[in-house]
Amino acid sequence: VRDQPGLIGDIVVGASEAGKAESMIMTPRLWFWHKFYMRPVAEDENKTVVDNDFVRRVRGRELADSLCHPNSSTCICGTLGGEPMCPAVMHGPHANQSNQVRNVRLLCSVFDLASGDLFSSARRRWRQGAPAGVVPRVMHDVGQALRCMHACGVAHGDLKMANVLKTGDSYKLGDLPALTRATTKMLTSDPVVSTRITSGRRMLSNDMWGLGLVSITLLAGTSAFRKVCEKFKAIAPDVQDAGPMWLIFAAGFLTALATFSRRFLPPNAVRDQHLGAIAAAQKMLIQSVTGRQMIKRLHRKHREEARDYGESVAKLVVAHADFPLVWHQVSYCMDVSNIARNALAMPLPFESALAAATSAATAATIGARGTGNGGSGVGADSLAAVGREDWREG
């Protein structure tokens with residue numbers, strides 16, 4: 001994408017094997033239409049089937065149950081002996097009216113076979129954190145996929161562990177429903193952007209926030225992160241009201257990250273300076289007009305709990321063997337003071353200094369703002385990047 005802007009569509013659509021391999025995006029190899037028959041399902045499980053259930057959009061769970069459930073001894077149209085014994089005349093408009101079935105036309109996408117997704121693997125085997133080497137590989141591969149999309153000005157919109165699939169030795173980003181701007185909202189929401197910026201704007205920082213949550217879940221373990229999510233849901237059941245909780249969590253996490261890395265890890269002047277600058281930016285954000293307006297809705301007790309959870313997760317993250325390899329990426333993704341952050345401005349693990357410089361230059365070329373201070377985009381520079389009045393008033 002960076003070298004040949006005219007071939008952007010090649011990466012996204014996956015028209016060539018080279019483009020598909022480089023993009024790290026799970027793109028279909030081909031599409032085809034498939035027609036099948038299924039019993040109509042009531043939209044509300046406690047209600048009976050109505051006429052609308054024959055024409056409404058089929059839910060993913062209903063579709064999976066129909067396609068994957070083993071055949072019973074009776075066909076869906078009522079023929080004994082199952083579907084192999086059923087004549088075609090029993091289906092569609094000629095079906096028995098007492099055993100009505102629904103004619104569904106389905107657009108099928110054929111993908112490379114994945115061995116699993118991150119969420120399933122972490123839930124089964126990585127409750128206390130992923131094995132050494134997994135987090136840098138995930139950050140590199142998913143970061144590369146986001147670079148391809150962000151270079152096109154497109155946000156994924158639903159970046160989470162269940163949408164990161166393992167194929168061979170690589171991890172690919174799949175499930176792209178949120179690319180349809182008109183019909184699908186942003187499902188992964190940066191706490192500051194989703195609260196202070198007009199909801200209709202599809203900011204790339206939402207993807208970076210999602211990648212940050214994926215990284216700390218792998219480093220700290222699913223048990224610790226699930227505990228945080230459950231606690232926040234109990235305090236703020238409405239997703240829209242959870243933004244201030246996650247803002248304070250991120251501030252506490254990054255502040256503790258700077259402290260614990262200096263205390264428990266070998267000295268590293270670059271790392272300590274970088275994390276210290278980001279921690280200072282979080283303090284400035286909390287003390288700003290924007291920060292005060294966001295957190296004033298929370299009880300003081302809940303603010304302290306959110307900060308404490310951030311600090312506890314940071315301690316687990318620093319203790320992981322992979323943290324020295326991904327500290328830059330984790331801190332960049334979680335830096336909510338920089339709403340202009342994007343994958344092009346973030347160096348990837350295993351990336352050489354030259355490649356990192358090229359990535360930063362490309363980000364500047366496409367107009368990525370607020371990435372001063374080595375791409376960290378912290379403090380007042382971040383606010384100036386989008387305009388102070390726009391930041392305060394959304």
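This is a predicted model: local features need pLDDT of at least 70, side-chain atom pairs count only at pLDDT 80 or more; totals for chains, interfaces and linings use all residues.
The model contains an open sheet of 3 strands in the order 3-4-5, with antiparallel pairing. Strand 3 (116-117) and strand 5 (170-173) stand at the edges; each has a single partner strand, so one side of each is left without a neighbour in the sheet. Strand 3 is joined to strand 4 (residues 164-167) by 2 bridges, and G116 stands opposite K166 in strand 4. Helix 5 (residues 134-151) lies across strand 4 and strand 5, at about 35 degrees to strand 5.

The largest nonpolar core comprises 77 residues, and I216 and F253 have the most contacts inside it. Helix 9 (residues 243-264) gives the most to this core, with 12 residues. With neighbours within four places in sequence left aside, the contacts of F253 include I216, V313, V317 and M334. Another core, of 6 residues, lies apart from the largest one; F36, M38, L106 and C108 are among its members.

In the whole structure, 9 salt bridges are found. One of these joins the side chains of D53 and R56, at 3.0 Å from N to O, and both residues are buried. Within helix 5, R137 and D141 are 4 residues apart, about one turn of the helix, and form a salt bridge with the closest N and O atoms 3.2 Å apart. R137 is partly exposed, with a relative accessible area of 30%, whereas D141 is buried at 1%. E304 and R300 form a salt bridge with a closest N and O separation of 3.5 Å. These residues, E304 and R300, are 4 residues apart in helix 12 (residues 300-319), about one helical turn. E304 is partly exposed at 35% relative accessibility, while R300 is exposed at 59%.

Notes: Residues are numbered from 1 along each chain as its sequence is written. Side-chain values use heavy atoms; hydrogens and water are left out. Two strands pair if DSSP finds at least two bridges between them. Contact means heavy atoms within 4.5 Å. Axes are lines fitted to C-alpha atoms, for helices over the stretch in contact, and angles run from 0 to 180 degrees between N-to-C directions. A nonpolar core is a set of buried Ala, Val, Leu, Ile, Met, Phe, Trp, Tyr and Cys residues joined through side-chain atoms within 4.5 Å. Buried means under 20% relative accessible area, exposed over 50%, partly exposed in between (1.4 Å probe, protein chains only). A salt bridge is a side-chain nitrogen of Lys or Arg within 4 Å of a carboxyl oxygen of Asp or Glu.
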